[in-house]
Amino acid sequence: MSQDPYELLGVKRDASPKDIQSAFRKLAKKLHPDLNPGDRHAEERFKEISTAYEILSDEEKRGRFDRGEIDMTGAERAQRSYYRDYASASGADSPYHNSSGFADFGDASDSFANFFSRRTGSGRMRSAGQDRRFSLVVDFLEAVNGSRTGVKLPGGPQLDVQIPPGTRDGQTLRLRGKGEPGIGGGPPGDALIEIRVSPHRFFTRDGDDIRLELPISLGEAVLGGKVRAPTPSGPVNLTLPPHSNTGKVLRLKGKGAAKRGGGHGDVYVTLKIVLPDNPDERLTSLVKEWATANPHDPRKNMET
């Protein structure tokens, strides 16, 4: 294998720590043994880049490697012993000095012991796996009320996802340990699931409150009374005051979406008077008579 960690990771010698980490992660995703079962070449290459990353990701080790003090495995490099090193040591009192001006080489085993004193190690690096990101479309009422659903991962298992009550559009759910596998025994990453809430045909969300427009008949508007109104948790009876105009807003307390701190928002019902699709002669006659006797201009305050 190459003895240069920069070459193994494919980075320049002046690469930043971020560039080094990015290069390692890119290679690790291709060469990780869990992703290449039975591929001995990929396993060996993964060990090599892990060893290289262990050196270059540590500022002190990187500096020592650049100065030639340690090798690829992090072991001390043997210092080459020259005769002049011994001869210059301590002058006449030195055990390597004699009157002929030459020094003995001493015990050769000392030099060889120094040469072979390199540290051995696995060269493994422990790192957490990367997070995976997904998008999940959820029904409006499932998001408001909470639900449970499954997400099929590309090339992976199906995850069981709990949608908490009150989940908002764009909210991200985190599934611990469901991301990319870790490196060197490191923990796996997480699965990050961005929720996209599909619109409802008559409910709209306003923070933790729910708003809807409720059609009422002319008779209900004039006379008032009880009407059925839908809410995310099911229909309820709503009391209409007599003479309720279109645009009047009534509140159903605690019938909205769940709040993070506990409790629920409200449902705000906007009334809308709707006439029958087919003309009613009796109604037309009654209104004509009433309008003649009671002239009324609802737009008088809009004059400019």
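A pocket, found on a 1 Å grid over the protein atoms alone, is an open set of points where a 1.4 Å probe fits, with protein on both sides within 12 Å along at least five of seven lines, and its lining residues have an atom within 4 Å of a point. The model I am showing is predicted: local features need pLDDT of at least 70, side-chain atom pairs count only at pLDDT 80 or more, and totals for chains, interfaces and linings use all residues. Residues are numbered from 1 along each chain as its sequence is written, and side-chain values use heavy atoms, leaving out hydrogens and water.

First, the overall picture. The protein has nine helices and eleven strands, taken as DSSP runs (helices H or I, at least four residues; strands E, at least two) numbered from the N terminus. Of its 304 residues, 31% count as buried, that is, under 20% relative accessible area with a 1.4 Å probe, protein chains only.

Now the largest pocket. Its lining has 19 residues, and Leu218, Val222, Leu283, Val287 and Trp290 lie nearest the centre. Helices α8 (218–223) and α9 (281–293) each supply at least two residues of that lining.

Last, one residue. Where is Ser244? Ser244 sits in the loop between β9 (236–240) and β10 (249–252). Ser244 is buried, because its relative accessible area is 2%. Leaving aside residues up to four places away in sequence, Ser244 touches Ile216, Ala221, Leu271 and Ile273, where contact means heavy atoms within 4.5 Å. A polar atom of the Ser244 side chain also lies 2.5 Å from the backbone oxygen of Pro241.

Conventions: Buried < 20%, exposed > 50% of the residue type's maximum accessible area, 1.4 Å probe, protein only. Polar contact = N/O pair within 3.5 Å; in protein donor to acceptor, adjacent residues only side chain to side chain.
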